[in-house]
Amino acid sequence: MSAGLLLMGVPYAQAESDLRWKLGDGHSIVWEVDGRLPHEDHIEMAGKRVAVVLRYGVRADGSFELNKSMVWPMLRTLPNNTHASLMRRYGWSLLDAVTVNGRAFTDEQVRSIRLDGVLQVKSDFDWGWMGKCSLTRRYFTSTEHPALMESYTLTNTGKRTLVVEIPQTKTNCMTNPRQGVEGAYRIELCTSNAGVFILNPGEELHFGASIAGYTAAEKSLELDVEHELALRRELVEGWMSNLVLDTPDDVIDRMFAFSKIRSCESIYQTQGGPMHGPGGESYYAAIWANDQAEYVNPFFPYTGYDYGCASALNSFRHFARFMNEEWKPIPSSIVAEGLDIWNGAGDRGDAAMIAYGASRYALARGSRQEAEELWPLITWCLEYCRLKINEGGVVASDTDELENRFESGDANLCTSSLYYDALISASYLARELGCGNACAKNYREQAARMRRQIDKYFGANVEGFDTYAYYKGNDVLRSWICIPLTMGIDERKEQTIAALFSPRLWTENGLLTQAGSETYWDRSTLYALRGVYTVGETEQATRFLKRYSQTRLLGEHVPYAIEAWPEGNQRHLSAESGLYARIITEGMMGMRPVGLNSFTLTPHVPQEWDFISLKHIRAFGADFDLRVERLGGGKLKVLFTRDGKTRVQTLREGQTLNFKL
């Protein structure tokens, strides 16, 4: 393990000079390998039919190591449950069988590793009088096919001619037919551009490899490595060219860019339609009321990524299948490509999660057709929550999104806060869809009552802070006391923020789930940072956002928001990256959809910044830019640009502007 302070088993940098990674060109980060070895890390990436966790590192002797954890979500295993994706771990490397001048690739010195939607490794090999070369490896998932692709570029950097021998390999492995829904599956490990090559000084050679998974009946694909690389680059560039953040803080800008990659790539083309999946070698070809409906779906309309929006709409359609007249809870998760469900934790407040996410998605998407389709689901979920209101006036649920990992009582703060915000969004949608003023007014009045009851029922002095008890009787600080802030509930904001950022909860890895524990889940940290911006405490939010972003993007485990630790060993679950991006769109920029073509803007510009800019925002069926500039004297200037025309407005900090497209 590298030098540095250890916090709960996880290293982190104390100063910028200690950070392992640096910002690279374009939208990349780069590790220029130095003497802090050995070092290992892992990153997940995905395409429509495959996912992989690459466990990579540099050994003490400077050589590269890699283990590939392959996942094929649509090659289903038995029993066909939540975790039934075909998975295999491989240490297989094409280079083990490649020779240069009759010898193996030895004496490697890795020079740099780069991440930008592709894992790129640059190494040097020096064999003295026998010659030397450089090697660039690139690892990435195919965008459309069930394969991990590997691209290699070998350059003769010496003065002697090199004879390179690359074997023709096509290894087929059949899985146990008793373990597959469709019987045996076929895994192919292939090389491309095999042969004997004479490489003169200065010349380079391209070759590749792939690991693909098929049903027994499927024909093997002839995969062109360089073509697949171009498609992956094109896809990532598409994400980079929409919803572009520009601020004086390059680290936050880059973390935001990376969050788009992880949140958008993890969508699988299942027999049940496109399904956004958390990942983590566990959660694929399935949807959850929290990860998808609540966390990431409301973000997709801003990105301009049609496939992301299609996955969001598809997920809500699946949940809508389970509306019923008996008011039984909607399942927490729909798994196995839509063929089965999981509700092992009972009612987690899933209806509140779905109502919150679906209403925000519908508004930001700006499609009347989609909004009308989603309206019955939204209203059913809201009525379900209303029927679950207990004698204390808040919404009861069996547990919460942590599914009994930590106590949540008979009614928790998350469920009621999500319900509150969903009621507000529903009031806007009711007006837009012509449901009548009485309907919209009813939802607003229910929201107002719920806000009062949240304060009355959950408001408490916990560990000396006048904040919230996460559930009745809770006397230990919990990270989810942040969620009222995210919904704009600010009655207890000062003491709640003080509790969140106190040593009892805040660490260099964000918020502890519960004070005194060692467990942290990024989702609550990401909600907290958004919430602190939402209630106008900009300087505190920015200070802690900087710390968090630097740790996650440039520290020891990069480059995305993570799920949790110690559970899952900080897996790169995808929806958390959507939550990071929403810190900017909904927190710092303060965008709130209030109609199918309208939103409010309450920008929060840090005092040390001159501006914040988001270009090519694709929400509300439009394409527009927002730039907020600091004028001094507590005033801000907002520039709204669409179709080459710019509208300029000024406001005081903390004020809200209304925009109609």
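Select Phe501 and Trp506. Both are buried (under 20% relative accessible area; exposed is over 50%, partly exposed in between, with a 1.4 Å probe and protein chains only). This is a predicted model, in which local features need pLDDT of at least 70, side-chain atom pairs count only at pLDDT 80 or more, and totals for chains, interfaces and linings use all residues. Residues are numbered from 1 along each chain as its sequence is written, and side-chain values use heavy atoms, leaving out hydrogens and water.

**Aromatic pairs**

Rings of Phe, Tyr and Trp (its six-membered ring) pair if their centres lie within 6.5 Å; planes under 30 degrees apart are stacked, over 60 edge-to-face, the rest tilted. That rule gives 28 aromatic pairs. Go to Tyr457 and Phe458. Their rings sit edge-to-face, 4.8 Å centre to centre, with 75 degrees between the planes. Tyr457 is buried at 15% relative accessibility. Phe458 is buried at 1%. Now return to Phe501 and Trp506: centres 5.4 Å apart and planes at 85 degrees, so this pair is edge-to-face. Next, select Phe599, Phe620, Phe624, Phe640 and Phe659. Ring pairs link them into a cluster.

**Salt bridges**

A salt bridge here is a side-chain nitrogen of Lys or Arg within 4 Å of a carboxyl oxygen of Asp or Glu. The whole structure holds 45 of them. Pick Asp421 and Arg360, which meet at 3.0 Å, N to O. Asp421 is in helix H8 and Arg360 in helix H6 (residues 350-365), 61 residues apart. Helices are DSSP runs (H or I, at least four residues), numbered from the N terminus. Asp421 is buried at 0% relative accessible area; Arg360 is buried at 7%.

Move to Glu576 and Arg523. Their closest N and O atoms are 2.9 Å apart. Glu576 lies in helix H14 (residues 574-588) and Arg523 in helix H12 (residues 522-534), so the bridge ties together parts 53 residues apart in sequence. Glu576 is buried at 0%, and Arg523 at 3%.

For a bridge at 3.9 Å, N to O, select Asp643 and Arg642. Asp643 is exposed at 68%; Arg642 is partly exposed at 30%. Then colour Arg360, Asp421, Arg530, Arg582, Glu586 and Arg592. Salt bridges with shared partners join these residues into one network.

**Last stop: a charged patch**

Select Glu391, Asp398, Glu407 and Asp410. They form a negative surface patch (residues with over 30% relative accessible area and no salt bridge, like charges joined within 9 Å). Glu407 is in the loop between helix H7 (368-387) and helix H8 (413-432). Glu407 is partly exposed, at 46% relative accessibility.

Key:
Patch = residues over 30% accessible without salt bridge, like charges linked within 9 Å, V, L, I, M, F, W, Y side chains within 5 Å. Areas by Shrake-Rupley, 256 points an atom, 1.4 Å probe, with all protein chains shown as cover. Lys, Arg positive; Asp, Glu negative; His and termini not counted. Charge placed at Lys NZ, Arg CZ, Asp CG, Glu CD. Helix = DSSP H or I, 4+ residues; strand = E, 2+ residues; numbered from the N terminus.
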